[in-house]
Amino acid sequence: MKLQYLGDSKDSFKWDYHDYLTSALGFDLLNILLMMTLDDTTNEGKTKPDWFPARKEIIQFCNALRTERDLFMIKSLPTKTGASYKLNLHKPENYISRNDRNSYWNGLPNHCDQVVFLDPDNGIEPEKKYNEKHVRYSEILSMLKQISNNSVISVFQHFRRIKFTNDFARIQERLLATIPSAHVTGVFWHQLMFVVIGKSEESISKIRQLNSAYADIYPVEII
């Protein structure tokens, strides 16, 4: 995540979907690991939030984020949508790096059911090597060990010039090689996919149903 991305069209999909998912599951917490990296000189982050046809309150929320560029405004999301869950920003002032990052994943609560959302710039580590823009499979395993059985982890995955269905299949294969007991599903739009991972087959089965209902309303595809 970079400050320059706040409030763009991917953000609109991101916040609409995760607000919907956390509320529909009836979970107590949306726990966000921003995985902050420094802004760059690209034009990324300039797409308008209404490119994704989110709810009106989400579009307004994203426009405010674009204007203020304030990470802590994200905490107001459930208030804006009238949701009952709590939103936590996990270590929001920590910038992620390729090295010295093990402590970043520690400290997730296990006393409640939650959606843990990971927001790396690019997504899950590629085949050959990773950098600060990726989350590693071993890091996902570390987080799964900390959270409750019903909780799930959702990971931002940017398009990698591979069909999302094919990319998801390879991610799932590599994920299960590291975490054989994991269950996984996904939803994608344009150049963005959310890979949702859990320990409970029941939780992931319910999310597949919720994703299907979401796809009946929004221009997304499900896996």
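Q: Where is the place of Cys62?
A: In this predicted model, Cys62 sits in helix H2, residues 56-68.

Q: Why is Cys62 called buried?
A: Its relative accessibility is 0%. Buried means under 20%, so Cys62 counts as buried.

Q: Which residues are in contact with Cys62, leaving aside neighbours within four places in sequence?
A: Cys62 is in contact with Gly7, Asp11, Ser12, Trp15 and Pro49. For Gly7, the separation in sequence is 55 residues, yet the C-alpha atoms of Cys62 and Gly7 are 4.0 Å apart.

Q: What makes H1 oblique to H2?
A: The axes of H1 and H2 cross at roughly 130 degrees and come within 9 Å. Roughly perpendicular ends at 115 degrees and roughly antiparallel starts over 145, so the angle falls in the oblique class. The crossing of H1 past H2 is right-handed.

Q: Which residues of H1 and H2 meet?
A: From H1 come Asp11, Ser12, Trp15 and Asp16. From H2 come Ile58, Ile59, Phe61, Cys62 and Leu65. By class, this contact of H1 with H2 has six nonpolar, one polar and two charged residues.

Q: At what angle do H1 and H6 pack, and how far apart are their axes?
A: The angle is about 130 degrees, and the axes are 11 Å apart. That angle makes H1 oblique to H6, because it lies between the 115 and 145 degree limits. H1 passes H6, too, in a right-handed crossing.

Q: Which residues of H1 meet H6?
A: Phe13, Asp16, Tyr17, Tyr20, Leu21, Ala24 and Leu25 do. Their partners in H6 (residues 201-215) are Lys206, Ile207, Leu210, Asn211, Ala213 and Tyr214. The contact of H1 with H6 divides into ten nonpolar, one polar and two charged residues.

Q: What makes a set of residues a nonpolar core, and how many residues has the largest one here?
A: Its members are buried nonpolar residues joined through side-chain atoms within 4.5 Å. The largest such core has 42 residues. Phe13, Trp15, Tyr17, Ile32 and Ile74 have the most contacts inside it. Helix H1 (residues 9-25) gives the most to this core, with six residues. A second, separate core has 28 residues, including Ile96, Ile124, Val135 and Ile140. In soluble globular proteins, nonpolar side chains tend to be buried together.

Q: What does Trp15 touch, leaving aside neighbours within four places in sequence?
A: Trp15 is in contact with Ile32, Ile58, Phe61, Cys62, Leu65, Ile74, Leu77 and Phe117.

Q: How do you know that Thr22 is buried?
A: Thr22 has 0% relative accessibility. The limit is under 20%, so Thr22 counts as buried. Thr22 lies in helix H1. Not counting residues up to four places away in sequence, Thr22 touches Phe27, Leu29, Leu30, Tyr85 and Val115.

Q: What stands out about phi of Met35?
A: The value is near 50 degrees, positive in a residue other than glycine. Most residues other than glycine have a negative phi. Met35 lies in the loop between strand E1 (29-33) and H2.

Q: Is Met35 buried or exposed?
A: Met35 has a relative accessible area of 0%, under the 20% limit, so Met35 is buried.

Q: Why is Arg161 called exposed?
A: Exposed means over 50%. Arg161 is at 80% relative accessibility, so Arg161 counts as exposed. Arg161 is found in the loop between strand E6 (152-158) and helix H5 (164-178). Its phi is positive, about 60 degrees, although Arg161 is not a glycine.

Conventions
Residues numbered from 1 in each chain as written. Predicted model: local features only at pLDDT ≥ 70, side-chain atom pairs only at ≥ 80, totals over all residues. Heavy atoms only, no water. Buried < 20%, exposed > 50% of the residue type's maximum accessible area, 1.4 Å probe, protein only. Helix = DSSP H or I, 4+ residues; strand = E, 2+ residues; numbered from the N terminus. Contact = heavy atoms within 4.5 Å. Axes fitted to C-alpha atoms, helices over the stretch in contact; angles between N-to-C directions. Parallel < 35°, antiparallel > 145°, perpendicular 65-115°, else oblique. Left-handed = near helix turned anticlockwise from the far one by under 90°. Nonpolar A, V, L, I, M, F, W, Y, C, P; charged D, E, K, R; others polar.
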